[in-house]
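Subject: Structure for your review

Dear colleague,

Please find below the structure that I am passing on to you.

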Amino acid sequence: GERPQNDQLRHRLALVAVPGNGIEEVKLSASDGVTLHGWLKRPKTARPGERFPLVIVFGGARRETSWIIERAGNPNHWGWLFINYRGFGLSEGYPSERAVVEDSRSIYDYAAGRKDVDTAKIVVLGRSLGTYFTFALAGSRTLSGAILATPFDSIAAVGAERYPWLPLSLLINGRYNPAVMAPKIKIPPLFVLAQNDDVTPA
């Protein structure tokens, strides 16, 4: 049933951050009071009292982000921040375009407010759907760079190509149209395309 699956997920995610593994559990309040949950992976070379550069990760649409943590290790002097979207992992609430855009700002503000983070070196990594929130955040906060893995023009355009029989523009909860935002972004971007991506192929 659904409840045992939820209990298994909670148990697994509770073991992500354990003493000595360099991973810190993070809980932060969104602007509407919803609790967002995730983790901060501290750099291996971090020293007490020193600020470290940070990568904020916005994941794809269909899974929570803990699976990426073990892959985030290089460069080893950078920290990594993973916060699950509303309704994913242990984050509360229900995701919508407007809510998650606002959440992205709350996540950045949390990171920039930490005493151990170098605010002059905050980069955002967006994957698939997360590239949209990367664009949105870059338009409202100061970033030193953006990494856009398998970006898309708009959800409606992706849906028309991949699922032409579905009225996706009517089914999704928002427009998700990064092509409108992209020309306004002034920070250095790195685009990563994937020919075999089954959602947003190159």
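Among contacts in the protein chain with a separation of 6 or more, 67% are between residues 24 or more positions apart. Please bear in mind that this is a predicted model.

The protein chain contains seven helices and seven strands. Along the sequence, these elements follow the pattern α-β-β-β-α-β-α-β-α-β-α-α-α-β. The protein chain has 202 residues, of which 44% count as buried. Its accessible surface comes to about 11,300 Å², and carbon and sulfur atoms contribute 52% of that area.

I then turned to the charged side chains. Side chains of opposite charge can pair when their charged atoms come close. In this structure, the count comes to eight salt bridges. Three of them are described below.

Which residue forms a salt bridge with glutamate 24? The partner is arginine 114, and the closest N and O atoms of the pair are 3.0 Å apart. Glutamate 24 has a relative accessible area of 29% and is partly exposed. Arginine 114, at 12% relative accessibility, counts as buried because the cut-off for that class is under 20%.

A second salt bridge joins glutamate 102 and arginine 105, again with the closest N and O atoms 3.0 Å apart. Here both residues lie in helix α3; because they are three residues apart, about one helical turn separates them. Glutamate 102 counts as partly exposed at 30% relative accessibility, and arginine 105 counts as partly exposed at 23%.

Aspartate 109 is in helix α3 and arginine 141 is in the loop between α4 (129-138) and β6 (145-149), so the pair ties together parts that are 32 residues apart in sequence. Aspartate 109 is partly exposed, with 38% relative accessibility. Arginine 141 is likewise partly exposed, with a relative accessible area of 25%.

Finally, salt bridges that share partners connect Glu24, Arg42, Arg114 and Asp116 in one network. The pair of glutamate 24 and arginine 114 described above is a salt bridge between two of these residues.

Yours sincerely,
A colleague

Definitions and conventions:
Residues are numbered from 1 along each chain as its sequence is written. This is a predicted model: local features need pLDDT of at least 70, side-chain atom pairs count only at pLDDT 80 or more; totals for chains, interfaces and linings use all residues. Side-chain values use heavy atoms; hydrogens and water are left out. Helices (H or I, at least four residues) and strands (E, at least two) are DSSP runs, numbered from the N terminus. Buried means under 20% relative accessible area, exposed over 50%, partly exposed in between (1.4 Å probe, protein chains only). Contact means heavy atoms within 4.5 Å. Accessible areas come from the Shrake-Rupley method with a 1.4 Å probe; for residues, only the protein chains shown count as cover. A salt bridge is a side-chain nitrogen of Lys or Arg within 4 Å of a carboxyl oxygen of Asp or Glu.
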